[in-house]
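Student: I have a structure open on my screen and would like to learn how to read it. Could you walk me through it, feature by feature?

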Amino acid sequence: MDLQDWMSLLPEQLWDTPLTHLVIPGSHDTMSYCLDITSPLVRSESDSFRLLDRLCCCFTRPVIYRWATTQDKTMEEQLSLGIRYFDLRIAHKPDDKTRHLYFTHVIYTHVVVLDTLASLAAWLDSHPKEIVILACSHFEGMDDKLHQTFITSLKKLFGSKLCPRQGSSLTLRGLWSSGHQVIVSYEAPIAYQYQELWPSITYWWANQRTAEELISYMEKMKRAGRPRSLFVTGLNLTADRHYIAVNRRQSLRTLTYAEWPCLQDWVEQQTPGSDPHSLNIIAGDFVGPLPLSRLVIDLNHKLLQKHNDRMDK
């Protein structure tokens, strides 16, 4: 399957399936491939960590870079690999006199937000049947005026491509007929003032270092039942600062690669659909070198088999 147009290439039997019943590949901390190792720490970091960073930046910065980098492909490359959910953590730098916004993960990115989203809008022009979900969050250092300016820019960039907030019955056929290609969830109270913005999307975060622990958490969440709206199963692993200090030569990449075979086996067993135990968006780290996108997209064929079985009865 051509991953850059996988939605338009899905069998017609799935075009009327709610988006919440499809399985959709996503990337965790989408923009961390371009972190600026010389940038300030984000505002939410503790005072003690800031002090350590000031005193020992030659030690802390390489470690931060290795463990905060979760991707190695640009957004356009991720789009071409089939990724359709993007975890975008947005902030304004402290003491920055401009109105530029950057992406963050412990530190800030080289690229600015609006340039990246303009490239996304251009990509969507070339792929009119592909739907993307932008999960905008964090917003450190942003006041209401900056929010309003950013939201106005979103509306200008995407125009009629923005899907207005509505119920959970979105389908590919319905989105195609309306020309909507972009769902923006906005994790800030101001979002409720704008019909173009959706509330934050539930993200299942295990906060665990091993695949076994992560899978145990996800199975517990599945037993409790899935949300009715769009939601994310986060396959991203997490190491605490003690583990990082003891394993300074490792990185999030080496940890993720080592645990991937177990995660891959688990993903292959998952199912889409309306069943309480089914999944929706599945997001992970290093979606370029690891075959998460193809694995997730292929799960939709299980839904097609269910459809065909019903038709045969």
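**Reading the model together**

Tutor: Gladly! Start with Ile90: leaving aside residues up to four places away in sequence, Ile90 touches Leu101, Tyr102, Phe103, Val113, Cys136, Ser137, His138, Phe139, Glu140, Met142 and Phe150. Keep in mind that this is a predicted model.

Student: Which residues of the largest nonpolar core touch the most other members?

Tutor: The general idea first: in soluble globular proteins, nonpolar side chains tend to be buried together. In this structure, the largest nonpolar core has 65 residues, and those touching the most other members are Leu88, Ile90, Leu134, Phe150, Phe158 and Tyr186. There is also a second, separate core of 28 residues, with Leu19, Ile24, Trp198 and Ile297 among them.

Student: Let me turn to charged pairs. How many salt bridges does the structure hold?

Tutor: Nine. Take the one between the side chains of Asp125 and Lys161, with N to O at 2.6 Å. Asp125 belongs to helix H4 (residues 113-126), while Lys161 sits in the loop between helix H5 (144-158) and helix H6 (172-178), so this pair ties together parts that are 36 residues apart in sequence.

Student: Are Asp125 and Lys161 buried or exposed?

Tutor: Asp125 counts as exposed because its relative accessibility is 52%, and the cut-off for exposed is over 50%. Lys161 has 15% relative accessibility and therefore counts as buried.

Student: And where do Glu196 and Lys155 lie?

Tutor: Their side chains meet in a salt bridge too, at 3.8 Å from N to O. Glu196 is in the loop between strand S6 (182-186) and strand S7 (197-198), and Lys155 is in helix H5, so the bridge ties together parts 41 residues apart in sequence. Glu196 counts as partly exposed at 24% relative accessibility, and Lys155 counts as partly exposed at 35%.

Student: What about a salt bridge within one helix, such as Lys222 with Glu219?

Tutor: The general idea is that an α-helix has 3.6 residues a turn, so residues three or four places apart point the same way. Here, Lys222 and Glu219 both lie in helix H7 (residues 211-224), three residues apart, or about one turn of the helix. The closest N and O atoms of their salt bridge are 3.4 Å apart. Lys222 is buried, with a relative accessible area of 10%, whereas Glu219 is partly exposed at 25%. Elsewhere, salt bridges that share partners join Glu12, Asp16 and Arg173 into one network.

Student: Which residues of H7 are buried?

Tutor: Ala211, Leu214, Ile215, Met218 and Lys222 are the buried ones. Looking down the axis of H7, you would find the buried residues within an arc of 95 degrees, so they line one face of the helix. The face turned away from that buried side carries the exposed residues Glu212, Lys220, Arg223 and Ala224.

Student: What covers the buried residues of H7?

Tutor: The cover includes strand S8 (202-205), strand S9 (231-234) and helix H9 (252-268). After H7 comes Gly225, whose phi is positive, near 100 degrees.

Student: One last topic: how many disulfides does the structure hold?

Tutor: In general, a disulfide is a covalent bond between the sulfur atoms of two cysteines. This structure holds zero disulfides. For Cys136, the nearest cysteine sulfur is that of Cys163, 15 Å away. Cys136 is buried, with a relative accessible area of 2%, while Cys262 is partly exposed at 27%.

Notes:
Residues are numbered from 1 along each chain as its sequence is written. This is a predicted model: local features need pLDDT of at least 70, side-chain atom pairs count only at pLDDT 80 or more; totals for chains, interfaces and linings use all residues. Side-chain values use heavy atoms; hydrogens and water are left out. A nonpolar core is a set of buried Ala, Val, Leu, Ile, Met, Phe, Trp, Tyr and Cys residues joined through side-chain atoms within 4.5 Å. Buried means under 20% relative accessible area, exposed over 50%, partly exposed in between (1.4 Å probe, protein chains only). Contact means heavy atoms within 4.5 Å. A salt bridge is a side-chain nitrogen of Lys or Arg within 4 Å of a carboxyl oxygen of Asp or Glu. Helices (H or I, at least four residues) and strands (E, at least two) are DSSP runs, numbered from the N terminus. The arc is that of the directions from the helix axis to the C-beta atoms. A disulfide is a pair of cysteine sulfur atoms within 2.5 Å.
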